[in-house]
Amino acid sequence: MEISPALLFNAIIAGLLLGGFYAAVSVGISISFGMLDVVNIAHPGFIILGSYIAYIVNSQYGFDPILISLALSPLFFLLGMALYRVYYLCFEKRGQESLRGLAFFFGILFITEVVLILVFGVDYRTVKSVYAETTLRLGVLDFPLRLVVPFLVSVAMVVGIQLFLTHTFFGRAVLAVAQDPLALRLMGVNPVRIKQFAFALSIATAGIAGAFLIVIQPVEPSIGREYIGLVFAVCVLGGMGSIWGTLLAAFVLGLAESFTSTFFGPSWAPAVSFGLLLATLAFRPSGLFGR
Amino acid sequence: MSNRLFAVVAIAIALAIAAASQLIANEYFFSAAYTVLLYVILATAWNILGGYTGYVNFGSAAFFAIGAYTTVALFYAFKLPLLVTVPAGTAVAGLAGLGLGYLTLRLRGVFFAIASLAFAVVLFTFVVNWDFVGGARGAYVLQPSEVPFGLPRYIHLLYSVMVLMAALALVVARAIEKSAIGRGLAAIRDDELAAESAGVPTLKLKIFSATVSGALMGMAGTTFPYYLSYIEPSSAFSLSYSVNSIAMPLIGGMMSWMGPLIGAVLLGTVQQLVQVTISSAWNLLIVGVLLVLFVTLAPNGIMGWVEAWRQRRHR
């Protein structure tokens, strides 16, 4: 196959733009799974929930989907707090998180998907925004704004989370929980409260990422599953709980997927993230950038 | 009861059930019972790795589909009958369990769980792009027009095969549970580090249990293409197989072979009824809600209640 430079460059740009979005999708898992050791398999379910909430408000009032998600992120935060409460009381406190906790989150994922199907059906939903149809052109290079806007907000969000974690008292407390919860307890801090806060933050990012998703592509309830492999692949590839690692791994994955769908066809794209995840787990479980 | 005696009794009961049900005139019974039996096998197989060993497999559907698509591939390539494709599908799925286990069971249990999910998606994508077995369009596998043993319809044969397979799965699960292997697996479940230090060959046992579990799931899938005469990737890889094979042991109880059986028969029957009377989306919702309710409120399932009741009576 003849590969023209324009095709190659556009694949790179699409991959990078997609990677920025993937960072937003996965940063929540890097917090909950990477730092807090809470294996939230249901994370993609909350992303799809975010997409549908953005869709409802957008189709009713016509507000911008990403602004809606930012405004409503406190709701997701509260949802995350409640979910962690249940998880803590039922599993973590009793030391049963490994098997039953996993099954619990799997059930939650399944319930969100089925409820969305029951309410909205399996049709694809889209949102309207002022930038959805516009594409900037620089010579042969395409910059579709429906990818550029989520990319910018997403990278800002991930960088913001990293700054928050390293530069504020509460953020450092979260990092401390990730490193050594026992030591934190000895300092007289309650790790459960901090974990609850951090978990809630991770669910809030899922809600926002959901709005990005529905700006980028049409959404139906069951596409959440495709993101399970992606979020864990990014988290593991980035070295469990490192936010910069997450950002880099997300770009790697975005590029890999973009190249696969450009050169082999889009039907192979879902296998990329899961394949990379399998390969990473099998051969380098500490991740590309792990210690 | 010794393993051999249990095996004889189980097979005898299975044959009796299979023979007696031929008197049932209602055709719907056979296809409903086929599905319930399918879940009995899947749940029992899942429990060997999940309940006995403590490793969660989210990819039951993948192993099931391996069995189903082995049948399709062998049927398309050589026109092989069910008698050959059943052991072949079982073996291929067992090998897949062995491979996945070898690659990921050295890591923490969480990683195995995620890898099993990833495995299902990779395999799904592979099958969608594999034109020989129909790709995304699906494939037709026509039921043979002649039915052996003088049975009236092919579904009667499939149903009887499933009854026998379910009995076989239960025999295998019980044999593992009562053996030294089963005690080793229980040690891994309770404290892997302690088990390893006490000299339990943890990795070997985990891989063994993943292989057996995968093989039994594949076995359940081998008859599936004949059941509908048509198979397509999204029905063979349906998430509902994965969810059900986790929910059923959790609801029944994971500590013994009886738990998955009770869970599968109960939940499977309820789903068949709901599917007929309400709709299939609702029956999936019921499974999800029951899974979450049981796992939070009754972590030891129905068998856990029975156990507690027995202990109270003894006191």
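Predicted model: local features only at pLDDT ≥ 70, side-chain atom pairs only at ≥ 80, totals over all residues.
Me: Which residues touch the most other members of the largest nonpolar core?
Reply: A residue is buried if 20 or more other C-beta atoms lie within 10 Å of its own, exposed if 12 or fewer, and partly exposed in between, with C-beta atoms placed from the backbone. A nonpolar core is a set of buried Ala, Val, Leu, Ile, Met, Phe, Trp, Tyr and Cys residues joined through C-beta atoms within 7 Å. Of the 206 residues in the largest one, those touching the most other members are B:Ile41, B:Leu42 and B:Ala65.

Me: And which helix gives the largest share of this core?
Reply: Helices (H or I, at least four residues) and strands (E, at least two) are DSSP runs, numbered from the N terminus. The largest share, 16 residues, comes from residues 154-178 of chain B, that is, helix H6.

Me: What is the radius of gyration of chain B?
Reply: It's taken over C-alpha atoms, and the globule rule to hold it against is 2.2 Å times the number of residues to the power 0.38. For 315 residues the rule gives 20 Å, and chain B comes close to that, so it is as compact as a globular protein of that length. The chain has 15 helices and two strands, and its radius of gyration is 19 Å.

Me: Which element gives the most residues to the side of chain B that touches chain A?
Reply: 35 residues of chain B are in contact with 34 residues of chain A. Helices H4 (82-104), H5 (109-128), H12 (239-252) and H14 (280-297) of chain B each give two or more residues to that side. With 14 residues, the one that gives the most is H5(B).

Me: How many charged residues are on that side of chain B?
Reply: Ala, Val, Leu, Ile, Met, Phe, Trp, Tyr, Cys and Pro count as nonpolar, Asp, Glu, Lys and Arg as charged, and the others, Gly among them, as polar. The side of chain B that touches chain A has 28 nonpolar and seven polar residues, and the number of charged ones is none.

Me: Over how wide an arc do the buried residues of H6(A) lie?
Reply: In this helix (169-179), A:Ala173, A:Val174, A:Val177 and A:Ala178 are buried. The arc is that of the directions from the helix axis to the C-beta atoms. Being on the same side of H6(A) follows from the arc they cover around the axis, which is only 145 degrees.

Me: Which residues are exposed on the other side of H6(A)?
Reply: The buried residues pack against helices H1 (5-35), H5 (145-167), H7 (181-186) and H8 (191-216) of chain A. On the other side, the exposed ones are A:Phe169 and A:Gln179.

Me: What is phi of B:Ser229?
Reply: Most residues other than glycine have a negative phi. B:Ser229 sits in the loop between helix H10 (224-228) and strand E2 (230-231) of chain B, and counts as exposed with 12 C-beta neighbours inside 10 Å. Although B:Ser229 is not a glycine, its phi is positive, at about 60 degrees.

Notes
Residues numbered from 1 in each chain as written. Chains lettered and ligands numbered in written order. Contact = placed C-beta atoms within 7 Å.
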